[in-house]
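Here are my notes for you, point by point. Keep the picture open while you read.

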Amino acid sequence: MLTRLNVASIYVLDKDEALDFYVNKLGLEKGSDFKQGDYRWLTVRVPGNPDVEIGLEQPGPPLHDEATAEQIRELVSKGALSGLVFHTDDARALYETLQERGVTDFTQEPIDHFYGTDMGLRDPFGNAIRILERKTSAAATA
Amino acid sequence: MSHEIEDLNRRLLRARDAMDRAYAEPLDVRTVAAVAHISEAHFSRSFRAAFGETPHRYLQRRRVERSMFLLRETDRSVTDICFDVGFMSLGTFSRTFREIIGETPSSYRDAHGPMVAPNCVQMWAMRPRVAVGRATPADPAPQSSSFGEAGTAAAQ
C-alpha cells in the first residue's frame, strides 16, 4: 500500500536561479542539495512539511541528450509543462508579500470563488504556480 | 542560440498571460506586444509560431471561454456578459461565439449548468476549440492594430 507522495519534480532552466526564486521569493525552504559528479540533487519544500519535496531538475546530461534537453527547455519556457499547486492560510497577504519581494509574473491576482481564494503566478522559467486559500480551511489546511 | 528561443518563448508567454489576466479590458496588439517587448508585426508572427494561433484568436477563445463560464454560472444577461468579457459589441460577440462554439450563447446557456471544478482548471481546460466545420480556415491575422473588438477599427 502506498502511504504518501514523497517527491514530485519539475523542470527548471537553472538550479541556482530556481533555488533563489522558490526559497527567497516564494517562501519555500531548501530540502536536499547534494552533488555527485556533475549531478546535483536539489529539492525544496513547504516549511513545516518535510515529507513532500519538490525536485528541481535541469534538462540536460546525464538525464537527457542535448537535443531532448533543448525541446524540454522550449516547452518549459512556453508554459506547456505541468505546474505546482500550494495552499496558503491567507492568499491576499501572500500576494502582497510576493509583490514586496519583487515577484511580477502574476497570472492572476487573488479572486474569490465558492471554494476559496486563489491566485496564480509563474516561476522565472514559465512553470505555472497556483496558490489556494481554502474557504473552510481554518482547521483543515494541514 | 537556444537561449534566445527560450527567452523569446518566455516573453511571449508573459504576453499570453497578460491576455488571460486582462481579457475584460480593451486590449490591442500593441499593448500585448509591449508586454513581450516585441514589435507588433514580429509579435503576431512569433506568437503564432510558438502557440499555434494568432494572439487575436487566442484572446477570442479566452473571452468566449469566460463568457461560457458566466453563462453557466450566473444569471447575468447575454448582453452584460458580452461586455463583461471584453467584447465591444453584441454582434461581434454573438458571431464569434457561434463561429467557435457552433451555437448561440443562449442555446449554450440552456444546455449547460454549473461545472464543479476549480476556476484555474476551467480556464486551462475549457478554453474552446473551434467547432468542427465552423472555423475560417486560415485564422487570418488581424490587419489592423486592433484585436477586433476594441476601439472602432473592427478587424476580423
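1. Start by clicking on Phe47(B). Skipping its neighbours within four places in sequence, Phe47(B) is in contact (heavy atoms within 4.5 Å) with Leu12(B), Arg16(B), Met19(B), Gly52(B), Glu53(B), Thr54(B), Pro55(B) and Tyr58(B).

2. Now zoom out to the core. Phe47(B) is one of the residues that touch the most other members of the largest nonpolar core, which has 32 residues; Leu12(B), Met19(B), Phe43(B), Val64(B), Phe97(B) and Ile101(B) are the others named. A nonpolar core here is a set of buried Ala, Val, Leu, Ile, Met, Phe, Trp, Tyr and Cys residues joined through side-chain atoms within 4.5 Å. Buried means under 20% relative accessible area, exposed over 50%, and partly exposed in between, with a 1.4 Å probe and protein chains only. In soluble globular proteins, nonpolar side chains tend to be buried together.

3. Which elements give two or more residues to this core? They are α1 (2–22), α2 (29–36), α3 (40–51), α4 (55–73), α5 and α6 (90–101) of chain B. The biggest giver is α4(B), with 7 residues. A separate core of 28 residues includes Ile10(A), Val12(A), Ile54(A) and Leu94(A).

4. Before going on, a word on how to read this. The model is predicted, so to speak of local features we need pLDDT of at least 70, and side-chain atom pairs count only at pLDDT 80 or more, while totals for chains, interfaces and linings use all residues. Residues are numbered from 1 along each chain as its sequence is written, chains are lettered from A and ligands numbered from 1 in the order written, and side-chain values use heavy atoms, leaving out hydrogens and water.

5. Chain B has 8 helices and 0 strands; these are DSSP runs numbered from the N terminus, with helices being H or I of at least four residues and strands E of at least two. Of its 156 residues, 50% count as buried.

6. Go carefully at residues 140–145 of chain B, where pLDDT is below 50.

7. Last, look at where the chains meet. The contact takes 18 residues from chain B and 22 from chain A. Between the two chains there are 4 salt bridges, each a side-chain nitrogen of Lys or Arg within 4 Å of a carboxyl oxygen of Asp or Glu. Arg122(A) and Asp17(B) form a salt bridge at 2.5 Å, N to O.

Terms used. pLDDT is the predictor's confidence in each residue, from 0 to 100.
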